[in-house]
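User: Could you walk me through how to read the features of a model like this one? I'd like the general idea first and then the case at hand.

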Amino acid sequence: MTHMSNYALDRLGSYVFESAVQFLRCWTNLRLETRPPLQLADIYFDLYPEEQDPIWGNPCQDKRHLEIWSKNKSCERLPNFLIIGPQKTGTTALYSFLSIHPAISSNRDSPETFEELQFFSGKNYQKGIDWYMSFFPPPANDNETRYLFEKSANYFDGTLVPQRVHALLPSAHLITILIPPSKRAYSWYHHQRVHNDKAALEFSFHEVITANPRHAPRALRELHNRILQPGMYAHHLERWLALFPPQQLHLVDGERLKSDPILVLNQLQTELKIRPFFDYANHLKYVDQKGFYCQVDSLNKTKCLGQGKGRNYPPMESASLKFLREYYQPENTALEKLFKRLGYPIPSWLEEELGTESQNNPQIPAEEISNNVSSHWENPGSQ
Ligand SMILES: Nc1ncnc2c1ncn2[C@@H]1O[C@H](COP(=O)(O)OS(=O)(=O)O)[C@@H](OP(=O)(O)O)[C@H]1O
């Protein structure tokens, strides 16, 4: 018996169990003993601690599971792609711009975590896949191709997330946005201050990033890690690439997303082979007052992201920038190699961080990048 959902055996499980007990009682001299369920669970998890966290597999991958799965459920209610983060890189902008596309639908908002479901990264995972699927629209009757996606910016660096995503959505495409890790760290620090994080209010940015994690008080240590860890881009990307083929991983230059989202979105559609093509030039416009691109609605009104996105704060002190450039140097070097390996152009911010901006870096056209990525979209259920 197991607490893991295997979709097919769920309904037969108790029948099989009863029959096995009857068989043992009838045909053997074994004396069977039992305990109340919670005690049994404690004993089981003491023996198999690694099984305490379930892993939800994909019911649509096995014909036998599909046959016995409720007719009210559909493999078409699982996302085709995910924006995995990291946090503060422009994930909300990409999420809302992609949602304008008529063939692309996102999840409905979660009352607890707003637009982010944070299914694979936290306690929501225990709620199971029916909970997850209920946030996505049921299939329409019109035979039109549609693409479902969600964004949860903390997926990127979550320890268990790649494994969980791979178990449920092995053919999903993963979009990650990268900006200078120092900028990301600074933005996160200000985000935490606005959200009244005690350590962020008490300590300066420089104090947080230079804190010695071994001797710092707990709150400072946690903030230090939370600020710096997600910026280990190459390390985290390799964790995803250990499970997903490079064709399913899409790297977006977050600085480009800010300065030229139309180009980025048009290019991303090409990479992901999304049909029909939707020209974002008619739907996004730079708004001086906001200092960012915003959506243009059908009445020609602009709709910008809220004040929590694109905050005003003083520029980073040069000592902090110098410290972070050195701190991230090995990771940024590994990232440059990774970009080359995957056939992506090196973002100019990365050259700047590494002090290699004088070298020639020919931009690879979108069509060439898209040749490296998968040639068609698969139903997330069918691998
Ligand atoms: N079009 C547009 N409008 C507003 N903001 C934009 C846009 N494009 C990118 N950005 C940058 O997005 C940063 C916030 O990133 P995220 O949305 O990933 O943050 S979060 O992790 O979801 O909290 C946010 O960071 P801050 O500038 O530090 O607020 C912005 O720099």
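User: Which residues does Leu94 touch, not counting residues up to four places away in sequence?

Analyst: Two residues are in contact if their C-beta atoms, placed from the backbone, lie within 7 Å. By that rule, Leu94 touches Ile83, Ile177, Val252 and Leu257, leaving aside residues up to four places away in sequence. Keep in mind that this is a predicted model, where local features need pLDDT of at least 70, side-chain atom pairs count only at pLDDT 80 or more, and totals for chains, interfaces and linings use all residues. Residues are numbered from 1 along each chain as its sequence is written.

User: How many residues does the largest nonpolar core have?

Analyst: In soluble globular proteins, nonpolar side chains tend to be buried together. A nonpolar core here is a set of buried Ala, Val, Leu, Ile, Met, Phe, Trp, Tyr and Cys residues joined through C-beta atoms within 7 Å. Buried stands for 20 or more other C-beta atoms within 10 Å of a residue's own, exposed for 12 or fewer, and partly exposed for anything in between, with C-beta atoms placed from the backbone. The largest core has 51 residues, and Leu82, Leu94 and Val252 have the most contacts inside it. Its largest share, 5 residues, comes from H4. Another core of 17 residues lies apart from it, with Ala211, Leu223, Ile227 and Leu324 among them.

User: Where is Lys88 found, and is it buried or exposed?

Analyst: Helices (H or I, at least four residues) and strands (E, at least two) are DSSP runs, numbered from the N terminus. Lys88 is in the loop between strand E1 (81-85) and helix H4 (91-98). Lys88 counts as buried because it has 25 C-beta neighbours inside 10 Å. Among the residues Lys88 touches beyond four places in sequence are Arg184, Ser187 and His191. An unreviewed UniProt entry annotates Lys88 as "active site"; such annotations may be inferred rather than shown by experiment, positions follow the numbering used here and feature names are shortened.

User: Which residues does UniProt list for "binding site"?

Analyst: The unreviewed entry lists Ser187, Tyr293, Lys309, Gly310, Arg311, Asn312 and Tyr313. Ser187 lies in helix H7 (residues 181-194) and is buried because 21 C-beta neighbours fall inside 10 Å. Asn312 sits in the loop between strand E8 (302-303) and helix H14 (318-327), and is exposed, with 7 other C-beta atoms within 10 Å.

User: Where does pLDDT stay under 50?

Analyst: pLDDT is the predictor's confidence in each residue, from 0 to 100. Where pLDDT is low, the predicted coordinates should not be read in detail. Here pLDDT stays under 50 over residues 360-383, while the protein's mean is 89.
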